[in-house]
Amino acid sequence: ASFHCTTTTQHIMSKGSKRKKSNTAGAASAAAADARAKSSQVEKAFVGPGSVNTYMGQLVRFVEYIFDHNKEHLVEEHLIKMEQAAAQDAQQKTKLRIKLRQYICDAATAIQAKRDDR
């Protein structure tokens, strides 16, 4: 599980510090406080691109594990497409599972787009 601290640098820096205080925390708080803001705006205000990439990689590995060990937890529509992608990967005779991983990534991206009404 990941933890995200929204503490601003003002609270972290000591009074005698010479470093400039960040304005990004104020912008992030403003986006989070606006109930009309889309979740993607709030997400971008708090989550850096490196964290998003790390999360997506972990998500792909997790769904791969579910696919390999507990298929009954997957929605049939996705399971069928994942099995097709895995069959294509098997024909390529590679252990990288490129098609399966790409399908999982695309499915996660599609869910995010639906969440944001895109």
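Analyst: Start with a pocket. Helix 6 makes the top contribution to the lining of the second largest pocket, giving 5 residues. Keep in mind that this is a predicted model.

User: What makes up the rest of the picture for the second largest pocket?

Analyst: Helix 4, helix 5 and helix 6 each supply at least two residues of its lining. The space in the second largest pocket is about 230 Å³. The lining has 13 residues, and the closest to the pocket centre are Val63, Leu74, His78, Ala107 and Ile111.

User: Why is Val63 called buried?

Analyst: Its relative accessibility is 18%. Buried means under 20%. The value falls under the cut-off, so Val63 counts as buried. Val63 lies in helix 4, which covers residues 49-69.

User: Which residues does Val63 touch, leaving out those up to four places away in sequence?

Analyst: Met82 and Ile104. A contact needs heavy atoms within 4.5 Å. There is also a C-alpha distance to note: Val63 and Cys105 are 42 residues apart along the chain, and their C-alpha atoms are separated by 9.8 Å.

User: What makes a group of residues the largest nonpolar core here?

Analyst: Members must be buried nonpolar residues joined through side-chain atoms within 4.5 Å. The largest such set has 12 residues. Val63 is one of them, and so are Met82 and Ile104. The other members include Val60, Phe67, Leu100 and Tyr103. Helix 4, helix 5 (76-92) and helix 6 (98-115) each give two or more residues to this core. In soluble globular proteins, nonpolar side chains tend to be buried together.

User: What does Tyr103 contact, leaving aside neighbours within four places in sequence?

Analyst: His78, Lys81, Met82 and Ala85. Met82 and Ala85 are listed in the largest nonpolar core, along with Tyr103.

User: How many aromatic pairs are found in the whole structure?

Analyst: The search finds 0. A pair needs ring centres within 6.5 Å.

User: How do you know that the charged end of Lys71 sits over the ring of Phe67?

Analyst: The distance to the ring centre is 4.4 Å. The limit is 6 Å, with an angle within 35 degrees of the ring normal. The charged end of Lys71 is listed as sitting over the ring.

User: Why is Lys71 called partly exposed?

Analyst: Its relative accessibility is 33%. Lys71 is in the loop between helix 4 and helix 5. Beyond neighbours within four places in sequence, Lys71 is in contact with Ile66, Leu79 and Glu83.

User: Why does Ala87 get the label partly exposed?

Analyst: The same cut-offs apply. At 41% relative accessibility, Ala87 counts as partly exposed. Ala87 is found in helix 5. Arg97 is 10 residues from Ala87 in sequence, and their C-alpha atoms are 9.5 Å apart.

User: What is the phi of Arg97?

Analyst: Phi is near 55°, a positive value in a residue other than glycine. Most residues other than glycine have a negative phi. Arg97 is in the loop between helix 5 and helix 6.

User: How many helices and strands does the protein have?

Analyst: There are 6 helices and 0 strands. Read along the sequence, the pattern is α-α-α-α-α-α. Of the 118 residues, 19% are buried. Among contacts with a separation of 6 or more, 41% join residues 24 or more positions apart.

How values were computed: Residues are numbered from 1 along each chain as its sequence is written. This is a predicted model: local features need pLDDT of at least 70, side-chain atom pairs count only at pLDDT 80 or more; totals for chains, interfaces and linings use all residues. Side-chain values use heavy atoms; hydrogens and water are left out. Helices (H or I, at least four residues) and strands (E, at least two) are DSSP runs, numbered from the N terminus. Buried means under 20% relative accessible area, exposed over 50%, partly exposed in between (1.4 Å probe, protein chains only). Rings of Phe, Tyr and Trp (its six-membered ring) pair if their centres lie within 6.5 Å; planes under 30 degrees apart count as stacked, over 60 as edge-to-face and the rest as tilted. On a 1 Å grid over the protein atoms alone, a cavity is a set of points where a 1.4 Å probe fits but cannot get out, and a pocket is an open set with protein on both sides within 12 Å along at least five of seven lines; lining residues have an atom within 4 Å of a point. Grid points are joined across faces, edges and corners, and a volume is the space filled by probe spheres set on the points.
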